[in-house]
Amino acid sequence: MRDPDAAPVRLADYRPPAWTVEAVDLVFELDREESEVEAVLALRCDVPGAPLRLDGEALALRWLELDGRRLAADEFHLTPEGLEVFPAQGLARCRLRSRVGLRPAANTRLEGLYASGRLLLTQCEAEGFRRISFFIDRPDVLARWRTTLRAERARYPVLLAGGNRISERVLEDGRHEAVWENPHPTPCYLFALAAGPMARVSKRLTGADGREIELNVWVEGEDPEPCRYALGAVERALRWDEQRFGRCYDLGVFNVVAAQDFTMGAMENKGLNIFNARYILADERSATDADFLAIESVVGHEYFHNWSGNRVTLRDWFQLSLKEGLTVFRDQEFTADLHSRDLKRIEDVRLLRGRQFAEDAGALAHPVRPAEYREINNFYTLTVYEKGAEIIRMLHTRLGEAAFRAGMDRYFSEHDGRAATLEDFYAAHSAASGVDCRDMLAWYAQAGTPVLAVERHFDADNGRFELRIEQRPPANVPGAGPLPIPLRFALLDAFGDELPPPAVHDAEAMPGGGLLLRHARHVLRWEGLAAEPLPVLNLGFSAPVRLELAYTALERGRLVREARDGFARWDALQALALEVLLDQAGAKPSPESKAAEAALSDALGALLGDTAAHPAFVAECFVLPDIDTLADAVPVADPLALVAAREALLARLAETHAEALSARFAALEAAAGGGLADAAMAARRLRHALLPLITRRDGGAAARALFAGARGMDERFAALRALLHAGVEGAEAARARFAAEFADDPLVTDKWIGLVATRPQPEALEAVQGLMASPFWRPANPNRVRALLGGFARSNPAAFHRGDGAGYRLVAEQVAVLDAINPQVAARLLGAFEGLPRWAPAFAGRARAALAPLRQGERSRDVAELLARLPA
């Protein structure tokens, strides 16, 4: 176990590597219990006289050779974190050959080489390769790779590695061999192999540059048909990247493997992407519509990394958002171009506000590019990914599509085959556009969410209207300086028409409309207006900020009806609901609360009757702000009061619109049966958003009927969720039937377990404990941990925040257990406590007491670092 008290890694301390690896030749003798790896490293010293140090963990060293000579024990120094080779000091170049032993089946960390079912797999990001072989494990060491895999043919009939396969042959004693070669310089975190009994779906196509490419999606076993949708998603991603960004695939084969045991969502290893099976396996019997959309998005994300992360990689891990934030932006655009741009924006902002804003304001807040870290795994966060994507989106908004594309072309061209920095990225965009946009780097250095406080003033005598905008620092980052903020906006006249841009302003105009705000204060002025207009600010959520602008309930109702921007319409409804809920929870009393609820109810009623409105958009409008979003809107949060207020508002809406809800639900039945067409998915999305409200009134009749006649998993799962979460008659019978039918499918089992864990009642805690005492509990499987404990801690505030503190204790106790199995998974669970500093005193006290035992004894670096950031 790494020393949790080791000195932090600091961005300011970065130095280029003294030694680099120019080429790697690996030979694997694969076996589940005992594998061996022989590595030949062609090394070059760039700092004369520097010692040769290599990283290595949990490796059983068999022997070591330097330039063909076997080294004695006193010629190198071996530690738990690596080795130093003494004779290499003073050499300009050398070849280091080593042989190590590994135990894949015992590797519950799922880093390095590990066993999953009958497969052997690898996961090397961020620092997992050091658990495979001794290496200079940092992303700015780029080498060319040749990988030879040998294994028993009967047990491991398929042998895959990164790059192109250059040979294969049958060996003696029932063994066989495959040799793979990656011609592109690549860091070790992108190394991958997969071996075992697998079946595939395949397609051959010709890339835009004329290259012949074979696409394969593999799964353990003999039935690859559930991989077919993912195969189509790979092709769509490849074609989209060719068209939108001019990026062609650069190998002759692209392999994807589905893994049942995988800590992350997926990994973009060069030519061999390894995925959590939940983002690959899907058919209409076993997968929901949300599953299909997630598969398409994640497949796209990992494919797009081939350029934004692989061909151009990272100088150091502080630049993590250079690949992840950029690639999230790319996958968001992929989904928006293929489906609905408004809906995709709403989904992304809902996640950002509900989770990332809370992260930005909580105990675990950190900049997108932190100044230091102790465990890099702890920085695979929504801040790095989602906020990082928002910064890229702001750059796109600021420059416009044509200039942004030119900047991307220049970035890829100038840094192909290199390890880059955020400074390199913004320098390329500045040079290509002629716009100095390096001031955007300030966004990466500052934690917290900026506030735009806006006041409006109308002088009826001379028709002058002003918006006075002040940028305020985040509450948890006092004294932070102003950031460049691209603001898109509109002014609506009395007829709902948009007015021309302001006559006077002190900001920079952007292509496509809007202004770039650079200073702490700005004034926008319109002249000659006959009446006071209605401003609509931050159209499309053009900047990730908190917007403070007072609206009346009637004005927000107008925005819902008249705004042309779909996001702005949805946002107005969210704001109405937020005002009602915070008032009724006693968190933020509002004299306009009754008017806000009336406006909200009227707007939702109108949407129910509007058959021209996109059903999926209407569905999003019926989803009230979640508890994370509500808690983030107040300085001190009482989670249970917020839960009660939300439940009460849902009950009132269900009562008020009972007939209209049932009528719209029934009217969409035929349209909802159209398979995976966008129109059918939209119809199902609205029906299933309305079903929980209907279930509050009909005792579960509609949900039971839907469950009995379900035409696929999306309908069946929506019905089961409505039944279980309402606790109505037939709920347990439906769960048992569902569980029995899919008993052999671990991904579908995760689904019903997640529903039990998120049932919004305090007694869900006892149900979770019951499942943990059953054969369904698989603590070494990250998906099962996320479904049960992650769902409970993150998505069941009624039980997690129970008044007796039992919810906090359960999670804290399991963090300690899981830390010995998979520290990354354990540390992620601690994220549920990030809001602790802002919880009401009684809740915060119970949470601190639950965490206190965790602070005693030895902990992994992953868990120790996060515990140190949570208040004791």
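Predicted model: local features only at pLDDT ≥ 70, side-chain atom pairs only at ≥ 80, totals over all residues.
**View 1. An open sheet of 3 strands, in the order β4-β8-β7**. The pairing here is antiparallel; strands (E, at least two residues) are DSSP runs numbered from the N terminus, and two of them pair if DSSP finds at least two bridges between them. β4 (52–55) and β7 (76–79) sit at the edges with a single partner strand each, so one side of each has no neighbour in the sheet. On average, neighbouring strands are turned by 15° against each other, direction ignored.

**View 2. β4 up against β8**. β4 and β8 (residues 82–85) run antiparallel to each other, paired over 4 bridges. Look for R53, which stands opposite E84 in β8.

**View 3. Helix α6 crossing helix α7**. Helices are DSSP runs too (H or I, at least four residues). The axes of α6 (residues 401–415) and α7 (residues 422–433) come within 8 Å and cross at roughly 125°; axes are lines fitted to C-alpha atoms over the stretch in contact, with angles from 0 to 180 degrees between N-to-C directions. That makes α6 oblique to α7, oblique being whatever is left after under 35 degrees (roughly parallel), over 145 (roughly antiparallel) and 65 to 115 (roughly perpendicular).

**View 4. Who touches whom between α6 and α7**. Contact means heavy atoms within 4.5 Å. On α6 the residues include F404, M408 and Y411, and on α7 they include F425 and H429.

Residues are numbered from 1 along each chain as its sequence is written. Local features need pLDDT of at least 70, side-chain atom pairs count only at pLDDT 80 or more, totals for chains, interfaces and linings use all residues, and side-chain values use heavy atoms, leaving out hydrogens and water.
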